[in-house]
Amino acid sequence: MNRTESAQKLQKIIAQVENQDASFHAVCAVLVQVLSRVLATETTVWATAISLAHKEKLDGMCREVRELIDVLAPFIPGGPHMPVRPAVENSWWYSLSEATHVVEESAEQLSAVVAKQEKRANLRNMAARVVSLLRDHYNILMAESQLWLDDFSNQDGFSDK
């Protein structure tokens with residue numbers, strides 16, 4: 001199976017970690033916990049997608065997150081804990097809004113983890129790789145929201161034209 005580019009980059013960073021000690025395992029656990037929460041919200045958006053193109057985009061995003069979790073999980077003593085279950089939601093707009101919020105919040109939280117690590121340290125690079133992916137996902141979700149809002153305002157006569 002071909003891994004996504006993000007998973008491959010994360011694997012390379014992990015391979016460079018010299019001391020896989022308690023700090024390394026703790027960072028892996030935090031990353032998996034955050035990624036599991038993101039995966040749950042993105043899965044909910046996927047389940048409520050209103051177009052095939054959107055569903056396919058979300059499928060790829062969920063795959064990226066699952067692969068990062070798969071790369072990190074073996075380094076968590078005792079394995080990852082109970083996965084976060086996707087919410088039961090019927091509203092695409094609500095699930096998109098919730099996912100956007102969760103992804104943004106998660107990126108901000110992990111940015112704090114990155115900031116506390118020594119510059120050029122592999123633990124910092126691991127967390128930074130995940131933050132980069134989360135920011136990409138946030139931008140995609142925001143763009144989708146903006147497209148929907150633009151379409152909605154143009155259809156309902158709210159445009160400035």
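The model is predicted: local features need pLDDT of at least 70, side-chain atom pairs count only at pLDDT 80 or more, and totals for chains, interfaces and linings use all residues. Residues are numbered from 1 along each chain as its sequence is written, and side-chain values use heavy atoms, with hydrogens and water left out.

K9 has a partner in E5: the two form a salt bridge in which the closest N and O atoms are 3.0 Å apart. A salt bridge here is a side-chain nitrogen of Lys or Arg within 4 Å of a carboxyl oxygen of Asp or Glu. Both residues belong to helix α1, where they stand 4 residues apart, about one turn of the helix. E5 has a relative accessible area of 54% and is therefore exposed. Helix α1 also contains Q8, which is partly exposed, with a relative accessible area of 37%. The C-alpha atom of Q8 is separated by 8.8 Å from that of V71, although the two residues are 63 residues apart along the chain.

The overall plan comes next. The protein chain holds 5 helices and 0 strands, and its pattern along the sequence reads α-α-α-α-α. Helices (H or I, at least four residues) and strands (E, at least two) are DSSP runs, numbered from the N terminus. Of the 161 residues in the protein chain, 39% are buried. The accessible surface comes to about 9500 Å², and carbon and sulfur atoms account for 52% of that area; such areas come from the Shrake-Rupley method with a 1.4 Å probe, and for residues only the protein chains shown count as cover. Among contacts in the protein chain with a separation of 6 or more, 81% join residues 24 or more positions apart, a contact being heavy atoms within 4.5 Å.

In soluble globular proteins, nonpolar side chains tend to be buried together. A nonpolar core is a set of buried Ala, Val, Leu, Ile, Met, Phe, Trp, Tyr and Cys residues joined through side-chain atoms within 4.5 Å. The largest such core has 40 residues, and L31, L35, L72, M126 and L134 touch the most other members. Each of α1 (5-16), α2, α3, α4 and α5 (122-155) supplies at least two residues of this core. The most comes from α2, which gives 10 residues. Leaving aside residues up to four places away in sequence, L72 touches L10, I14, C28, L31, V32, L35 and M126.

Aromatic rings provide a further set of links. Rings of Phe, Tyr and Trp (its six-membered ring) pair if their centres lie within 6.5 Å; planes under 30 degrees apart count as stacked, over 60 as edge-to-face and the rest as tilted. By this rule there are 2 aromatic pairs. The pair of F24 and F75 is edge-to-face because the ring centres are 5.3 Å apart and the planes stand at 75°. F24 lies in helix α2 (residues 22-47) and F75 in the loop between α3 (52-72) and α4 (92-116), so the pair ties together parts that are 51 residues apart in sequence. F24 is buried at 0% relative accessibility, whereas F75, at 22%, is partly exposed. The pair of W92 and W93 is tilted, with 6.1 Å from centre to centre and 55° between the planes. W92 counts as buried at 5% relative accessibility, while W93 is partly exposed, with a relative accessible area of 28%.

Another tryptophan ring faces a charge. The charged end of K55 sits over the ring of W46, 4.3 Å from its centre; this requires NZ of Lys or CZ of Arg within 6 Å of the ring centre and within 35 degrees of the ring normal.

The structure holds 4 salt bridges. Besides E5 and K9, E105 and R37 meet through their side chains at 2.7 Å, N to O. E105 lies in helix α4 and R37 in helix α2, so this bridge ties together parts that are 68 residues apart in sequence. E105 is partly exposed at 24% relative accessible area, and R37 is partly exposed at 30% relative accessibility. The side chains of E67 and R63 also form a salt bridge, at 2.9 Å from N to O. Because E67 and R63 are 4 residues apart in helix α3, about one helical turn separates them. E67 is buried, with a relative accessible area of 2%, whereas R63 is partly exposed, with 36%.

How values were computed: Buried means under 20% relative accessible area, exposed over 50%, partly exposed in between (1.4 Å probe, protein chains only).
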